[in-house]
Amino acid sequence: MAPQPHLTHLTNPLATPQQLETSASQLDGIPADLESSVHYETARLVQAAGILLRLPQEIIAQAIVILTRSWMGPDGEGLWDVNAK
């Protein structure tokens, strides 16, 4: 991912620019396109499950945010950590 210099001025970011640039999966050698597609599809799965359970959209969105944060940065879970091959 290209550096995001405009993000450095935020006083209270949810993720630092360094966390957005590098993930644990990238450090493990997982291609960026595979990682992106896995993240996208898991978010869609969480959304579909929330809809089937008739949960409010706010709860579904919070679940997707928590899921995304678990993958954030080099200290997050990589795809190898969850046995996605």
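Good morning. The model is predicted: local features require pLDDT of at least 70, side-chain atom pairs count only at pLDDT 80 or more, and totals for chains, interfaces and linings use all residues. Residues are numbered from 1 along each chain as its sequence is written, and side-chain values rest on heavy atoms, with hydrogens and water left out.

I begin with the overall picture. The chain contains four helices and zero strands, in the order α-α-α-α along the sequence. Helices (H or I, at least four residues) and strands (E, at least two) are DSSP runs, numbered from the N terminus. Of the 85 residues in the chain, 18% are buried; buried means under 20% relative accessible area, exposed over 50%, and partly exposed in between, with a 1.4 Å probe and protein chains only. The accessible surface of the chain is about 6200 Å², and 60% of it belongs to carbon and sulfur atoms. Such areas come from the Shrake-Rupley method with a 1.4 Å probe; for residues, only the protein chains shown count as cover.

I turn now to α3. This helix has 21 residues and spans 30 Å from its first C-alpha to its last, close to the 30 Å expected at 1.5 Å a residue. The expected span is 1.5 Å times one less than the number of residues. Which residues of α3 are buried? They are Glu 35, Ala 43 and Gly 50. These three lie on the same side of α3, because they cover an arc of only 65° around the axis, the arc being that of the directions from the helix axis to the C-beta atoms. Their cover includes α2 (24–27) and α4. On the other side of α3, Asp 33, Tyr 40, Leu 45, Ile 51 and Leu 52 are exposed.

Arg 54 has a positive phi of about 60°, although it is not a glycine. With a relative accessibility of 76%, Arg 54 counts as exposed.

Finally, I consider α4. Ile 59 belongs to this helix and is partly exposed, at 39% relative accessible area. Ala 61 also lies in helix α4 and is partly exposed, at 32%.

Key. Contact = heavy atoms within 4.5 Å.
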